[in-house]
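Colleague: I would like to learn how to read the fold and the domain layout of a model. Can you take me through one?

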Protein chains: 2
Amino acid sequence: MNGLHLKTFLTSNLDVDEEEIDSLVANCRVMQVNKETFLLQKGEHCRHTFFVEKGLLRQYSIDERGKEHILSFAPENWFVTDRESAYFNQPSAYYIQALEDSHVVLIDDDFIQRLSQKIPKFTEFNNRLLHNHIRQQQHRINLLLSAVAEDRYLQFVAMYPDILLRVPQAMIASYLGITPESLSRVRKELARKNSKR
Amino acid sequence: MNGLHLKTFLTSNLDVDEEEIDSLVANCRVMQVNKETFLLQKGEHCRHTFFVEKGLLRQYSIDERGKEHILSFAPENWFVTDRESAYFNQPSAYYIQALEDSHVVLIDDDFIQRLSQKIPKFTEFNNRLLHNHIRQQQHRINLLLSAVAEDRYLQFVAMYPDILLRVPQAMIASYLGITPESLSRVRKELARKNSKR
C-alpha cells in the first residue's frame, strides 16, 4: 500500500501522521481494471467511491435513444461515484467505466467511518469535498445553460488539461453537450486564432 | 416567530422538542421583500441561506450577451443560496431575486453552528441536505445533456408543480435551457395529447 496517491492526497489535506493513514489505507482494496471494464452499471447499487491511482474512468448515462451522455471524467487523483445511489441507497442511473487500463482504490462506508473516528478533522474535510462537488456541478449547469461551444471547450481544457489527448473527441463533445461537428469547428477556430498570435 | 414554516421544517426532520427550536429560531431574521428585490447580486459575497416562508425567489446568472439563465426557483419551504460564494468565501457569479412579494428567513453561519451544537443529529441532517443538493444537480446536468424539450418540461412540472402559473413562460424556458418557442410548442403538444384522452 506504500506510495498510493490516495495516501498522499489524505496526508497533504489532513493534518495526520503517515502511520495513522497507513493503517487505515491498508484496509482499502486496490483493483486493477482493464480498459472498458465497468465498475458500475445502470440498475446496480453503487457501494463505493472510486479513487483513480492510475488511468482514466468516465461516468455516463444512456438515453432512451441509446445515446451516451458523459457526466464526468476521472483521471489520476480524482474521485468518482454515484452519490445519489450510494447515499440514498437507490439503483444507479449511470455507468462508471474504465477508458484506460487503470488502478482504482475502492473506498467504502467503513473506511469513511474509520477516518471520521480516527481523524477529527476528516468530517470537516469531507464537508469541503461535498461543497466542492456542488460548486463544480453549479458551474457545469450554468455553462450548459449559458455558454457557447467555444467557452465550454475552454473550460474543459482548463479543468481536464491532462486528458485532452486521451479521450476520443466524440466523448468530449458528449461531455460538453455539443455535436462532434461543433467541437471540430471550435478546435479549428482556436487553432487559427493561436497561429495568428 | 411562532408559526414559521422553518420551525415546522426543522421539528419534522429533526427529533427535537419545539422549545429548543424556538430558542434557536428566535435569533433568525425574517425579511419582507418586495417583488424584484435582490437578496444577492453578482460580485457580492453571499452570507446567508434563504428559506422561503412565503413567496418565490429565483437564482440566475447573466451571460456576456446580457441573457438571463435561471439556475433555480425557490417557492415556499425551499432553501436557496450560492453555496460556492458562502462556503468558499468568493464573490458570487449569481443573482437571487424575489419574483413575488416574499417573506424570507435569513440563515447565517452562526445559526448553523448553534444548531450543530445543540442538536447532535443536525450534522447528519445537514449532510443529507448536501447530498440531496448534489442529487438534484446531477439530475439537472443529465437532463440538460440528454433530454428532449418535452421531457425537460415534464420533469419541471413534477418538481415545481405549484409554481407553473406563477412564473413567466420565458423564465421556465430559461430554466429548461430551451427557447420560449420550443416551450410553447411542447405545451401545445401536451395539451393536444391530453385532450385526446
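Modeller: We will go from the whole chain to the contact between its domains. Keep in mind that this is a predicted model.

Colleague: Which secondary structure elements does chain A have, and in what numbers?

Modeller: Chain A contains eight helices and eight strands. Its radius of gyration is 18 Å, close to the 16 Å that the globule rule gives for 197 residues, so chain A is as compact as a globular protein of that length.

Colleague: What does the C-alpha trace span along the principal axes?

Modeller: About 55 × 45 × 30 Å for chain A. As for burial, 30% of its 197 residues count as buried.

Colleague: What share of the contacts in chain A with a separation of 6 or more comes from residues 24 or more positions apart?

Modeller: That share is 71% in chain A.

Colleague: Where do the domains of chain A lie?

Modeller: Domain 1 covers 4-121 and domain 2 covers 148-197 in chain A. Their C-alpha centres are 26 Å apart.

Colleague: How should I read the interface between them?

Modeller: Interface size is often given as the accessible area lost when the parts come together. Here, count residues in contact, with C-beta atoms within 7 Å. In chain A, nine residues of domain 1 contact eight residues of domain 2.

Colleague: Which strand gives the largest share of the domain 1 side?

Modeller: Strand β5 (residues 68-74) of chain A, with four residues. By type, the domain 1 side that touches domain 2 in chain A has five nonpolar, one polar and three charged residues.

Notes:
Residues are numbered from 1 along each chain as its sequence is written. Chains are lettered from A and ligands numbered from 1 in the order in which they are written. This is a predicted model: local features need pLDDT of at least 70, side-chain atom pairs count only at pLDDT 80 or more; totals for chains, interfaces and linings use all residues. Helices (H or I, at least four residues) and strands (E, at least two) are DSSP runs, numbered from the N terminus. The radius of gyration is taken over C-alpha atoms; the globule rule is 2.2 Å times the number of residues to the power 0.38. A residue is buried if 20 or more other C-beta atoms lie within 10 Å of its own, exposed if 12 or fewer, and partly exposed in between; C-beta atoms are placed from the backbone. Two residues are in contact if their C-beta atoms, placed from the backbone, lie within 7 Å. Domain bounds come from an automatic or database domain assignment. Ala, Val, Leu, Ile, Met, Phe, Trp, Tyr, Cys and Pro count as nonpolar, Asp, Glu, Lys and Arg as charged, and the others, Gly among them, as polar.
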